[in-house]
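I opened my notebook and went through the structure one topic at a time. These are my entries.

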Amino acid sequence: MADTSPTAAGRGPAAADDAEQPKNVRVVILALMITMMLAMLDNMIVGTAMPTIVGELGGLAHLSWVVTAYTLATAASTPLWGKIGDMYGRKGAFMTSIVIFLVGSALSGMAQDMGQLIGFRAIQGLGAGGLMVGVMAIIGDLVPPRERGKYQGQIAGVMALAMIGGPLVGGTITDNWGWRWTFYINLPLGVVALSLISVVLHLPRKRSQARIDYLGAALLTVGITSIVLVTTWGGTEYAWTSARIMELIGIGVAALVGFVFWQTRAAEPVLPLHIFRSRNFTLMAVIGFIVGFVMFGATLFLPLYQQSVQGASATNSGLLLLPMLGAMLVTSLVVGRTITGTGRYKIFPILGGALMILGLYLLSTMDTGTTRLTSGVYMAVVGLGMGCLMQITMLVAQNSVEMKDMGVASSSSTLFRTLGSSFGVAIMGALFNHRVQDVMAARAGAVGQGITEKSAQLDAASLAKLPAAVREAYQHAVSAGTHTAFLLGSAVAVIVLAAALFVKEVPLRGAGPKPEAAAEDGAPASAAVPEAV
């Protein structure tokens, strides 16, 4: 009997095209890995160049906007790129996002003042919003669900390598070629990726007759922008209870409520709400949010602890995270290949959640006497947990929707992780700062309180200038602050374990014996794409 399901109909054109794909898939994956490297490396590299940039361009007061403008543009554009790819074709949308990213990179490298750099970084961020979404959605289009674990594990490995090597690469480029090359370095890599994709990637052409949901896009952009600004400014630029933060919260809530209301009426919604009817998709959104919350919080506070308390050098800040990111890299690759071999995945989010809870709790026990070996072991436990989760959230999310919603599913998963990272940095940062200031006031009196009044995070130069007694007080304060932050992370990670227990395992189709088509609570049998790849 012919398969007339929406999923089968949706994958029909891809089936013919997929016959041409096997020889080219590895080349396409290479291009996608280069593109993912661009997306992940950028902020890591630029971060190390910031002192040099400020020294040449000035504008210290607006320094944070170099990162904020990029983050805002990336977060706001992410869901739009996913929808555009679904409506008008994945290849064209992806290549457009790469071009915009490269144009923003070139302009950023040519910036003559801080205002120009901030504006050009926003352009770069608009393109970056489509890079990660495009990578994951194209893998979803090309590769059967059962095979995706292997490739998405490789992509997660690239992300870990970028986080390890980014600061080292950034420091080397800045010292030898100048800060402008931290942006120009994107151009040759981007051109290689663009050329490979143009030549070897063959996907069905799409042309939707529906119009883009501009009102929905505007409401979502306002809502996301408000959320990111609240998490960026709260507790730093403005007090959490200040009028500006309250205004942003009000605007954000109103915009998001209006967005949800409008999505139920739009002819072609930016974020179709029906995808949340799938239990697995909703659970993966929750897990992805928490993974972002924990991962970026850990990468922020671990180097600070190691530099301030353990006396590590800031120059090798990427290497400080090697135990965690190395464990994440290896685990991602092993988990990806295991999923491809077995077609089973439910055990991994459960195991990942448990390891994250344990690892973060262990990190919360660190104090001024903890050795680097001990902290490295604790970090490795967290890395093992994150490695079990990194590709699972995207894999199961894509496995829970029809092919026509592949871009939306990919962009939604990316967006939730991005928002989770914003909340994680903000909330864990607020608790850390408050705890550091309390301990400094208790141990060093008015002097200690005055030192950390403006910022609880001191650089190596500022720390070296402190009297020995005050420096010791600060080390105890940082230990107390990281204890509070990681204890919160451990508690929040319980949500991952709880959500993972409710995941319904729908066998992945593609390689090996083909299982019976099984639809997940209301979702089709995973948009299982052809087995030719």
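**Entry 1: the whole chain**

I began with contacts, meaning heavy atoms within 4.5 Å. Among contacts between residues at least 6 apart in sequence, 82% join residues at least 24 apart. I then noted the ground rules: this is a predicted model, where local features need pLDDT of at least 70, side-chain atom pairs count only at pLDDT 80 or more, and totals for chains, interfaces and linings use all residues. Residues are numbered from 1 along each chain as its sequence is written, and side-chain values use heavy atoms, with hydrogens and water left out.

Next I looked up the secondary structure. Helices (H or I, at least four residues) and strands (E, at least two) are DSSP runs, numbered from the N terminus. The protein has 18 helices and zero strands.

Then I checked burial. Buried means under 20% relative accessible area, exposed means over 50%, and partly exposed lies in between (1.4 Å probe, protein chains only). Of the 533 residues in the protein, 56% are buried.

**Entry 2: helices side by side**

Two packed helices are described by the angle between their axes and the distance between the axes. The axes are lines fitted to C-alpha atoms, for helices over the stretch in contact, and the angles run from 0 to 180 degrees between N-to-C directions.

I took α4 (residues 90-109) and α5 (residues 114-142) to start. Their axes lie 7 Å apart, and the helices pack at about 150°. Angles under 35 degrees count as roughly parallel, over 145 as roughly antiparallel, 65 to 115 as roughly perpendicular and the rest as oblique. So α4 and α5 are roughly antiparallel. I also looked up the handedness: a crossing is left-handed if the near helix is turned anticlockwise from the far one by less than a right angle, and right-handed if clockwise. α4 passes α5 in a left-handed crossing.

I moved on to α5 and α6. Their axes come within 10 Å and cross at roughly 160°. This pair is therefore roughly antiparallel too. The crossing of α5 and α6 is right-handed. Which residues meet here? From α5 I listed M132, V135, M136, I139 and G140, and from α6 R148, Y151, Q152, I155 and M159.

**Entry 3: helix α13**

Helix α13 covers residues 322-342, which is 21 residues. The expected span of a helix is 1.5 Å times one less than its number of residues. From first C-alpha to last, α13 reaches 30 Å, close to the 30 Å expected.

I checked which of its residues are buried. They are M324, L325, A327, M328, L329, T331, S332, V335, G336, I339 and T340. What do they pack against? The partners are α6 (145-176), α11 (279-308), α14 (347-364) and α15 (372-398).

G157 sits in helix α6 and is buried at 2% relative accessibility. Leaving aside neighbours within four places in sequence, G157 is in contact with L329 and S332. T340 is in α13 and is buried at 12%. T340 touches R146, E147, G149 and K150, not counting residues up to four places away in sequence.

Just after α13, I noted G343 with a positive phi of about 75°.

**Entry 4: an aromatic cluster**

A pair of aromatic rings is described by the distance of the centres and the angle of the planes. Rings of Phe, Tyr and Trp (its six-membered ring) pair if their centres lie within 6.5 Å; planes under 30 degrees apart count as stacked, over 60 as edge-to-face and the rest as tilted. This rule gives eight aromatic pairs.

W177 and W181 have ring centres 5.8 Å apart and planes at 70°, so they are edge-to-face. W181 and Y184 have centres 5.4 Å apart and planes at 80°, so this pair is edge-to-face as well. Ring pairs link W177, W181 and Y184 into a cluster.

Are the three buried or exposed? W177 is exposed at 55%, W181 is partly exposed at 38%, and Y184 is buried at 19%. W181 and Y184 both lie in helix α7 (residues 181-184), three residues apart, about one turn of the helix.
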